[in-house]
Each structure stands twice: as C-alpha cells, then as structure tokens.
Amino acid sequence: MTLRPLLLAGLSFLAASAAEAQTFPMLDRNGSRVAIEPYGPGIVHVTIALDPKEIEKGPGYGISGKPAPAGWTHRADAAGDTYSSSDLSVTVNAQPWPKAPSQMERYFVPSLPPVSIAVRGADGREITAMTGWELAPHEVSGEKTFRIGATFAEPRGTHYYGLGQNQEGALDLRGRTIDCRHNYDAPTGETVCVPFLVTDKGYAILWDNPSVTTVSPGINDRTQFQSRVGERVSFFIVTGKTTDDLYAGYARLTGRTPLPPKAAFGLIQSKARYETQAELMSIADGYAKRNLPLDVMVLDWFHWTRMGQMDIDRTAFPDPAGMNRELHARGLHTMLSVWPRYEREGRYYDMLASKGWFLKDPDGEPAYGLAIRSDRVGALIDSTNPDARQWFWGRIRDNLASEGFDWFWLDETEPDLVPAGKFYSIGSGDRFYNLFPLVHTGGVAEGSAKDRPDFRNLILARAAYTGAQASGAIFWTADVHASWEALQRQVPATLNMAASGIAYTSSDTGGWQWPNGPKAERPVLVDPAGATAMGPDYRDYPELFVRWFQYNSFTPTLRIHGQRPATAIWEYGAAAEPILADWLRLRYAMIPYLYSLGRQTYEGGAPFMRALFMDFGSDPKVADIRDQYMFGPAFLVAPVVEQGRTSRSVYLPAGTDWYDYWTNKRYTGGQTIEAAAPIERMPLFVRAGSIVPMGAAVKNTSEKQALTAIRIYPGRDARFPLYDDDGVTNAYQRGGGRKAELVWNDATGRLSASGRLPTGQDAASLVEVVRGQ
C-alpha cells in the first residue's frame with residue numbers, strides 16, 4: 001500500500017464524492033430527509049437534512065472510506081425502515097403526520113419534522129438511539145446558515161472518552177460539556193478537536209462537522225452534539241465487540257495510521273531554540289561523548305532570516321547541508337520547524353497575496369497578525385487551497401529539504417491565526433474552524449509522497465482533526481507550563497487524544513514554558529547542583545524533569561523540548577543525569593517492543609497508549625482512572641506526578657495477575673497497592689501472560705539492534721507479533737520487513753516462534769521466564 005491515493009488528489013481526499021453517497025434510497029419523514037449508508041457490517045453513516053442536495057454531497061472532511069453495503073438488507077414496515085447486517089440493525093422510526101398543534105404547542109413545539117433512529121446489536125439489544133435533531137437558522141459571518149445538532153439516548157452507566165485533546169485533567173467525559181475546537185489559549189493548555197466520541201458500551205460516534213462544536217456526554221441521561229455552522233446533521237455510528245474494533249472502524253473511515261520511521265521511537269532532542277549551528281552540533285556531540293543514544297536533532301523556530309522567507313540564516317547556520325551530512329553520517333536524522341506565516345516584508349508575501357492564498361478578513365484583505373495575543377506579524381497561508389498547499393511543499397522541498405533536512409515540524413497548525421470571522425478559499429473560517437490541521441499536514445504528506453516516494457515521512461504537528469493521523473503526523477500537547485500541575489494534566493490529555501484515534505501523541509518533556517513554579521512543599525528529591533536548565537529559584541525543577549522524562553519514556557514518542565537555557569539530559573545537574581541516562585537506555589531497550597506495537601497500530605488502527613477502559617472494560621473501577629494506563633499489552637504505567645513523592649497508590653485491574661517490573665513480585669488483580677517510587681523509579685507493572693522482547697544497547701536506531709532477551713511473564717498463554725524492517729523506507733506498506741509470531745504456552749512453559757526472528761536469532765536461546773516472588 002502506498003501513502004494512500006487520497007493524499008494525491010487535492011481536496012478530494014477530504015470528502016467522498018456525491019456519486020458514492022447513496023447506497024439505499026433516501027427516506028422522507030414529513031419533510032425531513034434521512035439517508036443510511038453502511039460502511040461495513042458494524043458502521044453506518046447517518047445524514048439528515050431538509051434539502052436533499054445536502055445529503056447528496058456525501059460525507060465531509062477527513063472521511064476517506066467508501067460505503068460498503070454488501071451484506072446489508074432493508075425492509076419497511078409499520079415501525080419504520082430497518083437496515084440490517086450480521087452485526088447490527090438501524091431503524092429509522094416511522095413518524096405519523098403531526099396533528100394540528102394546540103395553542104401551547106404553537107409556542108413551544110419545534111417546527112422541524114422529527115426524526116428518531118434506533119441502533120441495535122445482532123441480539124436485538126439497543127446500543128444507542130438518536131432521539132432528536134436540530135436545525136436552527138442564524139447568521140454567521142454574513143452567511144445565512146444553521147446551528148445543527150443531534151441528541152442521543154444514553155445507555156445507563158456509560159462512560160465517554162476521546163473528542164481530541166482537553167487539558168482540564170479529566171479522563172471520563174461523562175457529565176462534562178466539551179468545547180470541541182482548536183484553542184491555543186485555553187486556560188489549562190491547548191484544546192484540539194477530533195470529534196470521535198468513544199464509549200465503554202461497544203459503540204462510538206464520529207461527528208461529521210468541522211465548525212466549532214460542543215459535546216455534552218451523559219448529561220440528563222443523554223448525549224448532545226451541537227455545531228455552530230451547517231445545513232445538515234451528519235455522523236457515523238461505529239460498533240464493535242471490543243474497543244479495538246472501534247478503532248479499526250475509525251481507520252476504515254479516516255485512513256490508516258502509518259508506521260513512523262524507527263527513529264521516531266528513539267530520543268528526539270529539541271530546544272526553543274538552538275541559536276547557532278555550533279550550539280546544535282555541540283548537543284549532538286554531547287550525547288556521543290557520553291555514549292547516550294540519540295536519533296533526531298530538531299531545529300526550531302527563528303532559524304530563518306525573516307518570517308516567511310522559508311530559508312536558513314547563514315550567519316547562524318553557515319553550512320546547513322554540511323551539518324546534516326555530518327549528522328547523517330552518525331546515523332542521526334534532522335527535523336526543521338516550518339511555520340505557515342508570512343510577513344509583509346518577506347519575499348513571498350506579495351505573490352501569495354496576489355494569488356489570494358492567504359486567510360482573508362471580511363474585506364478580502366489578508367488577515368494579518370493576532371492582536372489579542374500581541375502576536376501581530378504575519379499572514380496565514382490558506383492550506384484549504386490545493387494550489388497553495390502544493391506551493392508550500394514545493395518551497396519546503398526546494399529551500400529546506402534540499403539542505404538535507406529529513407522531516408518537518410509543522411507548527412501553528414490550529415491555526416494560530418484564529419479563523420473565526422475570516423475566510424478560507426473554500427468558505428468561512430467559522431464553517432471550517434477545525435479543518436486547517438488536516439489540510440495543512442495532508443499537503444506536506446502529499447508532496448513528500450510524490451517527491452520522495454520511498455522515504456518514510458514524519459511530520460510533527462500541534463493540532464489534529466478527523467483523519468489527520470493518516471498523514472503520518474505525530475502530535476504533542478503544545479506549549480504547556482513547566483509545572484507539576486501541568487504534568488498531572490498531561491496523562492489524561494494524551495490518553496483522550498489517543499482514545500480519539502490519534503495514536504502518536506506525547507508532550508514536551510519538562511514543559512515548554514520558561515521554568516517557573518511555586519516553591520516545593522516537600523523535600524526536593526533531586527539535588528539541583530550544577531543544573532543549567534532553569535533559574536536558581538526553581539530548586540525542584542530537575543526533579544520535575546526526571547518525573548516527566550520517566551513518563552514520556554512510556555509514551556509513543558520521547559521528545560525533549562522547552563523554552564529554557566538548556567534542555568539536554570546532562571543539563572539538569574549531576575544528580576539527575578544518571579537517572580535520566582538509565583531511563584533513556586531503557587527506552588532504547590524497549591524499541592523492539594515499541595516498533596512492533598507501531599506495526600500493530602498500522603494494521604489494526606488501535607493506539608498502544610491505552611486508557612484502562614480499553615482493556616479492562618468489565619472492571620468498573622477503571623472507568624475514570626486518569627493517572628495510569630497500559631502501554632501495549634504488557635505494561636501498566638503509573639507516573640509520579642506530584643513533587644516529593646516516593647510512593648503512590650496503584651490500582652491493579654481485576655481479571656489478571658501483575659508483576660512489579662522492578663522486583664518481580666507478583667500481585668493479584670482487583671486491588672490497590674502502595675507502590676514504591678523512589679526518584680530512580682516510576683511504578684511499572686507487567687500483566688501476567690506477557691511477552692516482552694528486549695533490545696541490545698545501540699547508539700541510535702540506524703544500528704541493527706539484536707535482542708538480549710525475550711522476557712516471559714507467566715500466568716496465561718500469550719502471543720506477540722515481533723516485527724522489524726529497515727526503519728526508513730515505505731517497503732513495509734508493500735509487505736516488506738520480517739515478522740515472527742512469538743507464542744507462549746503457559747501449561748508447558750515453552751515459547752515457540754512462527755519462524756526465525758527478524759534479527760536472525762534463535763528465540764529459544766533468548767527466553768527469560770520471570771519467576772514471581
């Protein structure tokens with residue numbers, strides 16, 4: 001499979017064509033038009049409108065899947081129209097012609113013809129039901145449009161997850177109202193809208209509208225979606241026997257998550273910012289000198305001569321091509337920050353303005369700067385325009401990739417210039433408020449696929465939307481504070497982003513903002529002596545960084561970044577450095593496990609950073625545990641997110657036994673324990689019945705990594721598909737690479753493999769069975 005033809009077709013990759021929109025006849029419910037489109041045995045698209053042309057347009061932005069009606073039947077009777085597959089049935093209930101309204105009803109009963117829809121499993125049990133819809137006329141940015149919405153009945157006791165990134169500290173969204181929009185200035189940290197709402201009751205709702213949306217899950221026994229701009233209600237119901245089935249459905253609708261280059265699983269080193277080429281190279285030298293593994297060096301913002309020049313300042317970076325050649329010779333990769341903004345004095349501004357390739361004010365002039373944040377310079381390229389997208393990639397290719405930079409960091413993808421009240425080429429910024437990160441990352445992915453067809457692309461992006469995972473982007477939680485409070489919020493924020501189908505999400509290790517926190521209330525666990533990463537008044541910052549690094553070592557990507565004097569791991573003091581070095585080496589030992597998990601996500605769609613509801617849905621105690629998670633099938637991770645703590649309570653989910661990773665002590669699930677957490681440790685537990693391949697020490701992922709052990713944590717039968725490939729090409733999409741299925745038979749105490757390991761080693765010689773204490 002190539003990088004998806006949808007990335008090579010301009011805006012056509014954002015919406016299915018009208019010709020594919022109808023698989024069953026449109027229904028009429030007293031003037032309300034309803035369409036049901038199957039996308040597989042357990043997936044349906046529901047569209048409701050007054051104007052049938054709105055239904056004929058097909059699904060909206062980010063939906064690349066095609067209808068799949070095979071196996072579905074349709075019958076009509078007195079109860080309504082029922083569409084059935086082997087997995088579920090969808091009934092659009094009959095609606096009798098309304099009687100003449102009473103005097104009170106003339107005032108208070110909606111004039112919109114009602115529609116109600118029931119969704120049931122193969123056993124006839126109701127999964128969910130849409131009980132009403134909304135189409136309320138109003139005017140937005142001079143356009144006569146509607147506020148649209150739908151209400152769903154709530155199966156009792158449902159818990160809700162996803163909807164993108166929200167940093168208020170919650171995991172279970174039940175009883176909350178989520179402002180689903182991109183908002184860099186949200187008080188607790190940037191919000192990102194990915195309108196995929198996942199439940200623990202075997203279904204999910206993918207809301208199909210890119211305008212500002214509010215979602216209220218589980219309030220007054222119902223769940224309500226409401227979007228500011230639209231002429232129809234459009235949503236998908238995705239069902240499945242397991243949570244992973246829901247993510248397979250999301251991938252079918254919006255595209256696979258590509259396997260990132262192997263280097264993305266190693267250490268990504270960054271700073272805001274490296275001032276010179278010499279400074280950047282000194283950091284790379286520092287890792288090599290200390291024999292510490294490193295994979296990617298990042299050059300952040302203001303490396304350019306002027307905003308929008310899309311160049312490298314040769315006074316600070318006199319030989320970027322030579323710098324990249326030297327780093328490549330060491331097995332390293334490089335990433336460069338590219339902003340979508342252009343100032344008036346830049347070389348491209350007049351041309352872009354003349355072509356109309358900027359976000360515009362209502363008067364048709366380029367929107368310039370953002371006065372509300374004293375962020376006053378630059379116009380935003382309009383990436384909804386396919387010609388502008390193609391031009392943008394062309395400048396990256398010719399001006400920057402030509403200097404040897406491998407990958408690109410697309411910052412400000414919210415976008416930072418708020419589109420409300422402004423206009424894109426395809427319509428108002430209000431109508432397409434959340435769309436920019438999809439088209440902007442998609443344009444670069446499209447260009448890279450065309451011009452570098454066998455080079456595995458990687459994009460770092462600050463915001464996402466439905467389908468953005470298919471561009472090969474990895475995401476992070478934006479410019480969070482360097483504080484314990486911010487660290488606490490990162491865990492549920494990343495878990496819900498992953499629960500939204502965005503598998504690769506993490507945070508700036510140590511926080512991005514200048515280190516500034518309240519005075520420590522408990523004894524400081526890491527002596528700050530010798531630290532240069534912060535001012536002398538923030539004595540517990542090295543401790544915070546250690547805890548953050550431990551946590552990010554068990555997230556999909558590990559990246560150090562921040563607006564501080566120093567960021568490399570030896571710059572937090574002599575006490576912190578050996579702890580950080582040990583965790584960095586552990587991260588690299590885990591790469592055979594991590595990379596295999598990445599392959600599984602590519603194949604099946606499910607994230608491998610997993611809130612506990614995904615794997616232990618039958619245990620009611622896990623529904624809102626927001627500071628623990630599974631990392632793949634084996635590891636239960638319990639980050640320490642409070643200053644001065646040397647232990648923390650950990651809930652071990654029921655239904656399995658657990659091994660303490662550090663001591664091998666075995667525990668029965670279904671209990672809460674107090675786990676030791678000296679500063680050198682973050683509590684880690686391994687589920688009984690796990691296979692964990694461990695890799696040899698390497699300087700970076702360009703080295704072929706042998707296995708040192710295949711650890712078996714007995715207690716049940718287990719399987720693990722071990723995978724490896726060249727790590728840099730797209731051959732994996734065409735069947736490249738090698739896979740061996742590892743199988744543990746708990747009764748016989750034997751491990752077998754379906755073939756030779758990808759490393760060429762013999763599996764039996766590597767087995768280490770952990771004996772619980």
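This is a predicted model: local features need pLDDT of at least 70, side-chain atom pairs count only at pLDDT 80 or more; totals for chains, interfaces and linings use all residues.
**Overall build**

- The protein chain has 12 helices and 43 strands, where helices (H or I, at least four residues) and strands (E, at least two) are DSSP runs numbered from the N terminus.
- The radius of gyration of the protein chain is 26 Å, close to the 28 Å that the globule rule gives for 773 residues, so the chain is as compact as a globular protein of that length; the radius is taken over C-alpha atoms, and the rule is 2.2 Å times the number of residues to the power 0.38.
- The C-alpha trace of the protein chain spans about 80 × 70 × 55 Å along its principal axes.
- Of the 773 residues in the protein chain, 63% are buried, a class that means under 20% relative accessible area, with exposed meaning over 50% and partly exposed lying in between (1.4 Å probe, protein chains only).
- Among contacts in the protein chain with a separation of 6 or more, 70% come from residues 24 or more positions apart, a contact being heavy atoms within 4.5 Å.
- The protein chain carries 79 positive and 86 negative side chains, and the centres of the two sets lie 3 Å apart; Lys and Arg count as positive and Asp and Glu as negative, without His and the chain ends, and each charge is placed at NZ of Lys, CZ of Arg, CG of Asp or CD of Glu.

**Aromatic pairs**

- A search of the whole structure finds 48 aromatic pairs, that is, rings of Phe, Tyr and Trp (its six-membered ring) with centres within 6.5 Å, where planes under 30 degrees apart count as stacked, over 60 as edge-to-face and the rest as tilted.
- One of them is the tilted pair of W301 and W339, with 5.6 Å centre to centre and 40 degrees between the planes.
- This pair links distant parts of the chain, 38 residues apart, with W301 in the loop between β18 (296-299) and α5 (320-329) and W339 in the loop between β19 (333-338) and β20 (341-342).
- W301 is buried, with a relative accessible area of 19%, and W339 also counts as buried, at 9% relative accessibility.
- The rings of W583 and W662 have centres 5.7 Å apart and planes at 65 degrees, so this pair is edge-to-face.
- Because W583 lies in helix α11 (residues 576-589) and W662 in the loop between β34 (657-660) and β35 (666-668), the pair ties together parts that are 79 residues apart in sequence.
- W583 counts as buried at 3% relative accessibility, whereas W662, at 30%, counts as partly exposed.

- The buried residues of α5 are P320, A321, G322, M323, N324 and L327, and what covers them includes α4, β18 and β19.
- Just after α5, G331 takes a positive phi of about 90 degrees.
- I710 is found in strand β39 (residues 707-713) and counts as buried, at 0% relative accessibility.
- Leaving aside neighbours within four places in sequence, the contacts of I710 include I691, V692, P693, L742, L751 and E768.
- I710 and N516 are 194 residues apart in sequence and 43 Å apart in space, C-alpha to C-alpha.

**Backbone details in loops**

- A cis peptide bond, with omega about 5 degrees, joins A272 and R273, and R273 lies in the loop between β17 (267-269) and α4 (277-289).
- The peptide bond from E414 to P415 is cis, with omega near 5 degrees, and P415 is found in the loop between β23 (407-410) and β24 (423-424).
- N291, in the loop between α4 and β18, has a positive phi near 60 degrees although the residue is other than glycine, and counts as exposed at 61% relative accessibility.
- N664, in the loop between β34 and β35, has a positive phi near 70 degrees and counts as partly exposed at 24% relative accessibility.

Note on methods. Residues are numbered from 1 along each chain as its sequence is written. Side-chain values use heavy atoms; hydrogens and water are left out.
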